[in-house]
Amino acid sequence: MNILVVDDNRVIRDIVSAMIKDSGHVPIQADGHVAALHHLETSKIDLVLMDIEMPEVNGFELTQKIRLIHPEWIPIIFLSSNDGENYLAQGIDAGGDDYLTKPVKHVILNAKIKAMERISLMKDELDRANKQLEILTSIDPLTQILNRRGFEETLITAWQHNERQKSDLSLLMIDIDFFKLYNDNYGHPKGDECLTKVANVFTQSLNRATDSIARYGGEEFVAVLPCTPVDGARFKAKDLKLSLLKEKIRHEYSTVLPFVSVSIGVSNTCFGAQTPTDLIKQADIALYKAKQDGRNGYALFDSSLEK
Ligand SMILES: [Mg+2]
């Protein structure tokens with residue numbers, strides 16, 4: 001661990017630093033608040049040993065400042081020659097995690113460092129697990145692409161970005177034709193296999209880093225295409241449709257083709273959507289049109305389609 005020793009007394013800094021080195025850690029020294037804040041800003045500090053009695057800014061005040069500036073938790077242990085109970089309470093209130101009286105005994109300092117290290121490791125693990133959980137909650141477990149929640153987050157980010165860039169944001173709502181008949185006749189395991197295949201084909205076809213594909217629900221997928229004008233969206237829709245047909249996934253119960261095909265509704269911010277929800281609604285309306293037109297194709301949103 002990198003341990004920051006904040007003390008205005010050089011002799012104490014050196015003694016404590018020697019103990020830290022002895023315990024197998026790296027001491028970094030600061031003689032006051034300016035140097036302490038500088039080190040916290042520029043190096044990775046795992047633990048702070050903080051003197052309380054310092055001129056200008058004392059240890060309590062400096063701790064409060066650190067807690068304000070650095071949202072991530074860094075363990076802070078106070079060092080003071082005052083062993084009054086009030087001091088201990090005040091230190092914890094100021095945001096400190098523990099309290100040691102000077103002169104510091106090596107064995108005690110070592111034990112405290114070990115305890116803080118343990119807590120710090122647990123916190124790292126917890127942070128990692130939380131991050132993993134966040135990813136998991138936005139991924140569809142079957143197809144491994146974004147789920148509805150992941151899609152909604154992606155769309156909101158893309159929408160905000162689009163408003164700043166004054167660009168065109170396109171949305172494709174995609175539905176597998178006669179999927180219910182596929183499931184009913186081939187069984188759900190085959191149906192799941194089909195959904196996974198479709199998701200893989202779409203993921204491969206959407207090769208721009210900014211594009212994303214999500215499972216909207218059941219057999220519905222949705223693609224978010226930032227910075228894509230209508231022509232580009234139309235091209236993408238055609239491309240997705242054809243890439244899937246190339247796979248020739250048998251579907252003898254479809255009335256359009258003996259293979260799995262899709263219908264796609266296309267919306268774009270240039271069609272007047274005021275919110276992300278509008279954009280989804282428009283794509284849905286266009287999808288309905290594509291189905292009415294005989295499926296295995298795409299349709300663009302048009303305001304005359306509303307109602
Ligand atoms: Mg002092």
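What percentage of the 307 residues of the chain count as buried? I get 35%, with buried meaning 20 or more other C-beta atoms within 10 Å of the residue's own, exposed 12 or fewer, and partly exposed in between, C-beta atoms being placed from the backbone.

Ground rules before going on. I am looking at a predicted model, where local features need pLDDT of at least 70 and side-chain atom pairs count only at pLDDT 80 or more, while totals for chains, interfaces and linings use all residues. My numbering starts from 1 along each chain, as its sequence is written.

**Overall form**

The C-alpha box along the principal axes comes to roughly 85 × 40 × 30 Å.

Next I checked the domains, whose bounds come from an automatic or database assignment. Domain 1 covers 2–136 and domain 2 covers 148–305. Their centres, taken over C-alpha atoms, lie 53 Å apart.

I count ten helices and ten strands. These are DSSP runs numbered from the N terminus, helices being H or I with at least four residues and strands E with at least two.

I traced an open sheet of five strands in the order 2-1-3-4-5, paired in parallel. Pairing here needs at least two DSSP bridges between two strands. Strand 2 and strand 5 (98–101) are the edges, each pairing on one side only. The twist from one strand to the next averages 20°; axes are lines fitted to C-alpha atoms (for helices over the stretch in contact), and angles run from 0 to 180 degrees between N-to-C directions.

Helix 2 (residues 33–42) packs on this sheet and touches strand 1 and strand 2, at about 140° to the direction of strand 2. Contact means C-beta atoms, placed from the backbone, within 7 Å. Helix 5 (residues 106–137) also packs on the sheet, touching strand 3 (47–51), strand 4 and strand 5, and makes about 170° with strand 5.

Strand 1 (residues 2–6) and strand 2 (residues 26–30) run parallel, joined by five bridges, and V5 sits opposite Q29. I followed the chain from strand 1 through helix 1 (residues 10–22) to strand 2: the β-α-β crossover is right-handed, that is, clockwise from the first strand over the helix to the second with the strands pointing away from the viewer.

Strand 6 (residues 170–176) and strand 8 (residues 220–225) are antiparallel, with six bridges. S170 has L225 as its bridge partner.

I picked N268, found in strand 9. Why does N268 count as buried? Because it has 26 C-beta neighbours inside 10 Å. Leaving out residues up to four places away in sequence, N268 touches D168, L169, S170, V230 and A233. D168 is 100 residues away along the chain, yet the two C-alpha atoms are separated by 6.6 Å.

Conventions
Contact = placed C-beta atoms within 7 Å.
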